[in-house]
Amino acid sequence: DTMRRVVRQSKFRHVFGQAVKNDQCYDDIRVSRVTWDSSFCAVNPRFVAIIVDASGGGAFLVLPLHKTGRIDKSYPTVCGHTGPVLDIDWCPHNDQVIASGSEDCTVMVWQIPENGLTLSLTEPVVVLEGHSKRVGIVAWHPTARNVLLSAGCDNAIIIWNVGTGEALINLDDMHVDMIYNVSWNRNGSLICTASKDKKVRVIDPRKQEIVAEKEKTHEGARPMRAIFLADGNIFTTGFSRMSERQLALWNPKNMEEPIALHEMDTSNGVLLPFYDPDTNIIYLCGKGDSSIRYFEITDESPYVHYLNTFSSKEPQRGMGFMPKRGLDVNKCEIARFFKLHERKCEPIIMTVPRKSDLFQDDLYPDTAGPEAALEAEEWFEGKNADPLLISLKHGYIPGKNRDLKVVKKNILDNKPAGNKKSDLINAPKKAADASNPQNDAKLDEILKELKSIKDTISNQDERISKLEQQIAKIAD
């Protein structure tokens, strides 16, 4: 045993963080002062979005990544909400689409022009209404196109099909207290939530059932976070009874005892975890801290291995985390953060020191690409799929994004689905629109035409299959 190596070997042992030079920061931004524990910043390979202070409503900035330096006070914003914006999230399958949740109880989905904003954007592509209190969490499905989750202070989680603007799943009786965060698992078949009642719940959203839960995940009363890891385990941050910050690792199949539990320090900022499934590194950014600590998760004891801490002078108000395809693989960059100060946003680059300039396969396994593996309808019908992976060997070249189109379904074709709250709210309005006699006549006309086209298609189908049979006979 004395021969056991003292230091654990890991290619990430020497990862170091570096803030960029001043001229590469985004300056003179009035970062939002709302008291809410979200990250206030979302980034992708094209844009950085930052929630800002706005008089009379809620707004966020969307800046092309290269638009560094001082940002003019008159720079256009995305400003359609009537209350402060609490959370934003870029769509993983379209770098020009972003969702926002607000104190005005709505979720809005926006399409950003390819080169950024030249005028303020006030018209969302779709407004999703169904929450009765402010919406503090929005999270896109990792592998299905146009599936968006929102969670509000009404303790409800709603899963939307953004392509039709409908609420398809409403989980409004699973949480008795405020939801602190929601995380999808790798293929989007499950979600896990951390709540003010100190419970972590694992939920199958399509079956609308709780698959596993743990009471008193962390004993302390301050906010917790819970996220899924690539292997299906759950990583949590929270506080002990003595108000020490803790992190823990859980197996959802047996949540009696944590796989690992570590005490950290006695600071009181909520620890926001950012996870990279390719390297299995978790970065913890405390709100109000001036450091980022990072840990590697492995399957050998103690399972959560401390790597290092990046420290700076200024405390952070929020933090954005770049997806892997937005990193510079030629510089061995394995993570990039966008740290929010009171008046600026400062990128921080995490690098593995290597001597060679060649592409380092071991640092960059194939990573989740921008293509969706499933359509929304397939996921709602019960299909699952892992993310579609891409190689970063020659860097990531963004393709053309298709515009987000929302096709509202005809309310008269809908089968009444167990009167969900959101339906009851929307029904009277829509019914009033449809009861106009002119509309009725027009609708009849359209339905007749639709039927005749469908009949023609099915006749043609029969004819085709007969002809194919004849061809087969002749060929035999």
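This report walks through the nonpolar cores, the ring pairs and one histidine of the structure above.

The model is predicted, so local features need pLDDT of at least 70 and side-chain atom pairs count only at pLDDT 80 or more, while totals for chains, interfaces and linings use all residues. Residues are numbered from 1 along each chain as its sequence is written, and side-chain values use heavy atoms, leaving out hydrogens and water.

**The cores**

Let's start inside. A nonpolar core is a set of buried Ala, Val, Leu, Ile, Met, Phe, Trp, Tyr and Cys residues joined through side-chain atoms within 4.5 Å. "Buried" means under 20% relative accessible area, "exposed" over 50%, and "partly exposed" in between (1.4 Å probe, protein chains only). The largest nonpolar core has 40 residues, and Ile 29, Val 48, Ile 50, Phe 60, Ile 112 and Phe 338 touch the most other members. Among the elements giving two or more residues to this core are strands E3 (41-43), E4 (47-52) and E5 (58-64). The most comes from E4, with 6 residues. Strands (E, at least two residues) and helices (H or I, at least four) are DSSP runs, numbered from the N terminus. There's also a second, separate core of 26 residues, including Tyr 294 and Leu 363.

**The rings**

Next, the aromatic pairs: the structure holds 13 of them. Rings of Phe, Tyr and Trp (its six-membered ring) pair if their centres lie within 6.5 Å; planes under 30 degrees apart are stacked, over 60 edge-to-face, and the rest tilted. Here are two:

| Pair | Centre to centre | Angle between planes | Type |
|---|---|---|---|
| Phe 47 and Trp 90 | 5.5 Å | 15° | stacked |
| Phe 274 and Phe 321 | 5.6 Å | 50° | tilted |

Because Phe 47 sits in strand E4 and Trp 90 in strand E8, their pair ties together parts 43 residues apart in sequence. Phe 47 is buried at 1% relative accessibility, and Trp 90 is buried at 6%.

**One histidine**

Where does His 93 sit? You'll find His 93 in the loop between strand E8 (85-90) and strand E9 (97-102). His 93 counts as buried, with 9% relative accessibility. Its side chain reaches the backbone oxygen of Pro 142 at 3.0 Å. That's a polar contact: a pair of N or O atoms within 3.5 Å, where within protein one must be able to donate a hydrogen and the other to accept it, and residues adjacent in sequence count only if both atoms are side-chain atoms.
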